[in-house]
Amino acid sequence: MSSSASSVLQRVFGHAAFRGNQHAVVDHVTSGGDALVLMPTGGGKSLCYQLPSLLRDGTGIVISPLIALMHDQVEALTALNIRAACLNSAQDPAVSRQVEQDFLAGRLDLLYVAPERLLTDRCLSLLERGRIALFAIDEAHCVSQWGHDFRPEYLGLSLLHKRWPNVPRLALTATATRATQVEIIQRLELDQAEHFVASFDRPNICYRIVEKNDVRRQLLNFIQSEHAGDCGIVYCLSRNRVEETAGFLSRHGMVALPYHAGLAASVRAANQQRFLQEDGVVMVATIAFGMGVDKPDVRFVAHIDLPKSVEGYYQETGRAGRDGLPATAWLAYGLQDVMQQRRMINDSAGDEAYRRRLAVQLDAMLELCETVSCRRQRLLAYFDEASDACGNCGTCLHPPGSWDGTVAAQKLLSAVYRLWRERGQRFGAGHVIDILRGKLTARVQAYRHDDLSVFGVGADLSEQAWRSVLRQLLARELLTVDTDGYSTLVLTEHSRDVLKGNVVLQLRHRSSRKASGTRGRGRAKSRPGTGVPAPTSV
Ligand code: ADP
Ligand code: ZN
């Protein structure tokens, strides 16, 4: 069988050899086994079900969440003379009927179906009447209720096993922690599946995380100095921010297009088309953009807001450098990101368990941001893969160093504590830092906060340094943000350990002295509009 797999690989697909564990998956599935396939984006997952579909009797049924993606795949397969078609709701009924007939007559090698379509009675009864070579469940992480791409229809796919116990099934994904893998196996009833887990490392991507101060300016510097004329993706958290940022980059001479769910479908499709076809287009998008977009020469993926989970971050950054050439994953993150996300979680509608899951995901993301060791090592460790320091990430290239921040943390926490104990008050980051630095602002005077014993005890650190301390305390849940809607700071159950001196806190030094280059350095103290102070060196 192996030799015929190899010859089909060459003859039909035009590839000289299998990649990674493709061969093993193909053999296993062709001989009737179930498989869980984890491969990074661009690793070549499609072949793992396309080839066995050709080798086995009947049609390979591919369940795929995105209609656009199906069309691309069907087109690509047709170009290789493989008999492929899709069934989806956007289709003309006459076309659907033709596809159904072709399937029943055994004239299809592969049939792509959206999950909600598959679960209809009509489609299930159609499948009952034809011959099925295998079921491939693409983007299988969509079954995870806690994941970043949850699709309720995916939960219904467990019936495949019940109805067709003898048809091999593959679940494929580019993102899965141990927990997600377990969920995939349980929900899709894949206990018998063999696991094929490829290395998740993408050595050509250089992971960089910088401290945010004036993010649009930083982004512009980054693109102009390192990726001028390159194709890239900029991810933002909100539609507004997408629009603003696309406008900003366009005004600076780039071809920057917006993409988010609030745009008309035709605009989205047109922008995506330009991104795919033209050179040097920068797509500014929410996470609505990207799944199934296969553009090999994306040279950078930038995040100007903190992603909500490492899985999401990894999936999004994985869209860079699919061609194997050097690419950059660049993330700017700051105090406001942590405050905002902690607040969003605290305010979110779900139950306690749900909030807890979100918090755990955020914590992992923050750990990645605040680590003083290799970013890639951290990232891979999140996917349970051990590795050495990589030499090609921000911290390997410019080690940030750490410092004993225990005393600083105690000062900050006790300021929060005293405000609450002595005055019954809670305040946000800016004011607490003013108190620590002994700044006689109007607000300090109005509240007589210059009488507090902590007033001025932190004059030795710059404002920016305090923000960094605060961010790291929030990241480690030694402090949190209240749900009162004002982002006021409150202690957590862990704060006491620091205040009592039971723990030593190693904090990350503010890094990237060089990173933002010359620009922005000479600019004045505070930037109007943002309320964010200019960086000062530590
Ligand atoms: P994934 O779905 O894992 O992101 P794809 O299946 O889309 O990846 O494959 C990514 C690219 O790699 C495609 O252009 C595909 O043609 C190519 N590819 C897959 N397998 C091989 C192989 N064995 N040799 C060469 N190219 C391959
Ligand atoms: Zn590294």
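Cys-396 has a relative accessible area of 24% and is therefore partly exposed, a class lying between buried (under 20%) and exposed (over 50%), with a 1.4 Å probe and protein chains only. Cys-390, at 26% relative accessibility, likewise counts as partly exposed. The model is predicted, with local features requiring pLDDT of at least 70 and side-chain atom pairs pLDDT 80 or more, whereas totals for chains, interfaces and linings use all residues. Residues are numbered from 1 along each chain as its sequence is written, chains are lettered from A and ligands numbered from 1 in the order in which they are written, and side-chain values use heavy atoms, without hydrogens and water.

The zinc ion (ligand 2) is coordinated at 2.3 to 2.4 Å by the SG atoms of Cys-374, Cys-390, Cys-393 and Cys-396; donors are N, O and S atoms within 2.8 Å of the metal (3.2 Å for Na, K and Ca). Angles among the four donor atoms of the zinc ion (ligand 2) are 101 to 118°, and the site is tetrahedral (four donors, all angles between 85 and 135 degrees). Along the chain, these donors follow the spacing C-x15-C-x2-C-x2-C.

The domain assignment of the protein chain gives domain 1 (2-197), domain 2 (205-397) and domain 3 (402-508). The C-alpha centres of domain 1 and domain 3 lie 53 Å apart. Because domain 1 (2-197) and domain 2 (205-397) both give residues to the lining of the largest pocket, the pocket lies between them. The lining residues of the largest pocket comprise 13 nonpolar, 12 polar and eight charged, where Ala, Val, Leu, Ile, Met, Phe, Trp, Tyr, Cys and Pro count as nonpolar, Asp, Glu, Lys and Arg as charged, and the others, Gly among them, as polar; a pocket is an open set of points on a 1 Å grid over the protein atoms alone where a 1.4 Å probe fits, with protein on both sides within 12 Å along at least five of seven lines, and lining residues have an atom within 4 Å of a point.

Methods:
Domains from an automatic or database assignment. Tetrahedral: all angles 85-135°; square planar, octahedral: opposite > 155°, others 65-115°.
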